[in-house]
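Take a walk through this fold, from the whole chain down to single side chains.

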Amino acid sequence: MGRRIHFVVDPQGWCCMGLIIFVWLYNTIFIPKVILFPHYEEGHISVVAILCYYFCSFFCIASLLRASVADPGKLPENPKIPITEREYWELCNKCNMMRPKRSHHCSRCGHCVRRMDHHCPWINNCVGEDNHWLFLQLCFYTQILSSYTLILDFCHYYYFLPLKKENWDVFVFRHELALLRVSAFMGLIILGGISGLFYTQLMGIFTDTTSIEKMSNCCEDTLRPRKPWQQTFSEVFGTRWKILWFIPFRQRQPLRIPYHFANHI
């Protein structure tokens, strides 16, 4: 994967991504201010709970920003096709360019993307071969952050001891109930949506099938050899070191696998 920044000019995508950033910013500001810091000052929780929350929040926004600007696998205008791989390329009937099999033309972005899974308006970018791993990290850390937020909302009212020192002149304490209800509502909506999306993404990797291929029914199990799940995940994340699958601060390096096996449909 190269270091090129991929920026899509799409107002709808900007609005969707702006909404996601607003939800992240809302919870990152108000949850520590209303729950974590006050209970830490009174000794109800340890500093580890605060650090874990900011850790999840930081990894969540890092995955979002990287997935939104990373090149998903855009094909160049004049790709160089090795002689030994020409039979695995085909002509796109929309942009009249040669592309590897399992590529797809994104009408919103206006170009073909290698092993494109789908175009996601929430990151304002396509999800393809080179940024699919970042999209999976985004779904994973969003689930953790949403679950952590819901747990804190619940514990604040039903488990933690009541706060003794509250400054009712401060905005967040005057409107504490409303702020936490909004946080819980957003957490439930996002957790439900992301959990379903994350499940479909995992199933797609297990079966080595993209979302577009599932919708077009062009991939029958009888036409493809079954790969071990470790190999399919390693191909997506660009490394066989499983600990690196959870780190967004790195560059993906495609695994050296036979081209005919990677594009066998």
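The overall layout comes before two local sites.

This is a predicted model, where local features need pLDDT of at least 70, side-chain atom pairs count only at pLDDT 80 or more, and totals for chains, interfaces and linings use all residues. Residues are numbered from 1 along each chain as its sequence is written, and side-chain values use heavy atoms, with hydrogens and water left out.

The protein chain has 8 helices and 6 strands, taken as DSSP runs (helices H or I, at least four residues; strands E, at least two) numbered from the N terminus. Their order from the N terminus is α-α-β-β-β-β-β-β-α-α-α-α-α-α. Of the 265 residues, 48% count as buried (under 20% relative accessible area; exposed is over 50%, partly exposed in between; 1.4 Å probe, protein chains only). Among contacts (heavy atoms within 4.5 Å) with a separation of 6 or more, 65% are between residues 24 or more positions apart.

Now the surface. Ile-5, Phe-7, Val-9, Trp-14 and Val-69 form a nonpolar patch there. Patch members have over 30% relative accessible area and no salt bridge, and nonpolar side chains (Val, Leu, Ile, Met, Phe, Trp, Tyr) are joined within 5 Å, like charges within 9 Å. Val-9 lies in the segment before α1 (11-41). Val-9 counts as exposed because its relative accessibility is 65%.

Asp-117 sits in the loop between β4 (111-113) and β5 (118-120). Is Asp-117 buried or exposed? Asp-117 is buried, yet has no salt bridge (a side-chain nitrogen of Lys or Arg within 4 Å of a carboxyl oxygen of Asp or Glu). Lys-214, the nearest side chain of opposite charge, is 7.0 Å away. Lys and Arg count as positive, Asp and Glu as negative; His and the chain ends are not counted.

How values were computed
Areas by Shrake-Rupley, 256 points an atom, 1.4 Å probe, with all protein chains shown as cover.
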